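Q: Can you walk me through this one? I'd like to start with confidence, then look at packing and pockets.

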Amino acid sequence: MLLTEYDEKRHLKLTFEEGRKEGYTKGREDKLKELVMKKYSKGKSIYQIAEDLEEEVSVIERMIER
């Protein structure tokens with residue numbers, strides 16, 4: 001016998017919240033990549049971009065490599 005109960009409303013709420021967080025994170029990453037590429041195409045160095053955007057140099061390097 002199964003002793004747990006399935007709560008559909010709770011499940012949907014948790015799924016929605018999880019999707020929203022993922023969407024927010026993805027949107028932030030997309031915007032950061034857009035800013036990095038814009039600054040890089042204008043001739044700024046990786047170190048200048050990292051300083052301007054207050055990010056780690058390794059993060060900027062990965063975005064440029066992609």
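Confidence, packing and pocket

Q: Where is confidence lowest in the protein, and where is it highest?
A: This is a predicted model. Confidence is lowest in helix α1 (residues 8–41), with a mean of 92, and highest in helix α2 (residues 46–53), at 96.

Q: And what does the protein average in pLDDT?
A: The average pLDDT is 90, and 95% of the residues score at least 70.

Q: Switching to packing. At what angle do α1 and α3 pack?
A: The angle is about 80°, and the axes of α1 and α3 are 10 Å apart. That makes α1 roughly perpendicular to α3.

Q: Which residues make that contact?
A: From α1, the contact uses E29, L32, K33, V36, M37 and Y40. The α3 side supplies V59, I60, M63 and I64.

Q: How do the residues of that contact divide, nonpolar, polar or charged?
A: In the contact of α1 with α3, 8 are nonpolar, 2 are charged and none is polar.

Q: Now pockets. How much space lies in the largest pocket?
A: The largest pocket holds about 190 Å³.

Q: What lines the largest pocket?
A: Its lining consists of T25, K26, R28, E29, D30, L32, K33, V59, R62, M63 and R66.

Q: Which helix gives the most to that lining?
A: Helix α1 does, with 7 residues. Both α1 and α3 (57–65) supply at least two residues each.

Q: And the lining by class?
A: The lining of the largest pocket has 7 charged residues, 3 nonpolar and 1 polar.

Terms used:
Residues are numbered from 1 along each chain as its sequence is written. This is a predicted model: local features need pLDDT of at least 70, side-chain atom pairs count only at pLDDT 80 or more; totals for chains, interfaces and linings use all residues. Side-chain values use heavy atoms; hydrogens and water are left out. pLDDT is the predictor's confidence in each residue, from 0 to 100. Helices (H or I, at least four residues) and strands (E, at least two) are DSSP runs, numbered from the N terminus. On a 1 Å grid over the protein atoms alone, a cavity is a set of points where a 1.4 Å probe fits but cannot get out, and a pocket is an open set with protein on both sides within 12 Å along at least five of seven lines; lining residues have an atom within 4 Å of a point. Grid points are joined across faces, edges and corners, and a volume is the space filled by probe spheres set on the points. Ala, Val, Leu, Ile, Met, Phe, Trp, Tyr, Cys and Pro count as nonpolar, Asp, Glu, Lys and Arg as charged, and the others, Gly among them, as polar. Axes are lines fitted to C-alpha atoms, for helices over the stretch in contact, and angles run from 0 to 180 degrees between N-to-C directions. Angles under 35 degrees count as roughly parallel, over 145 as roughly antiparallel, 65 to 115 as roughly perpendicular and the rest as oblique. Contact means heavy atoms within 4.5 Å.
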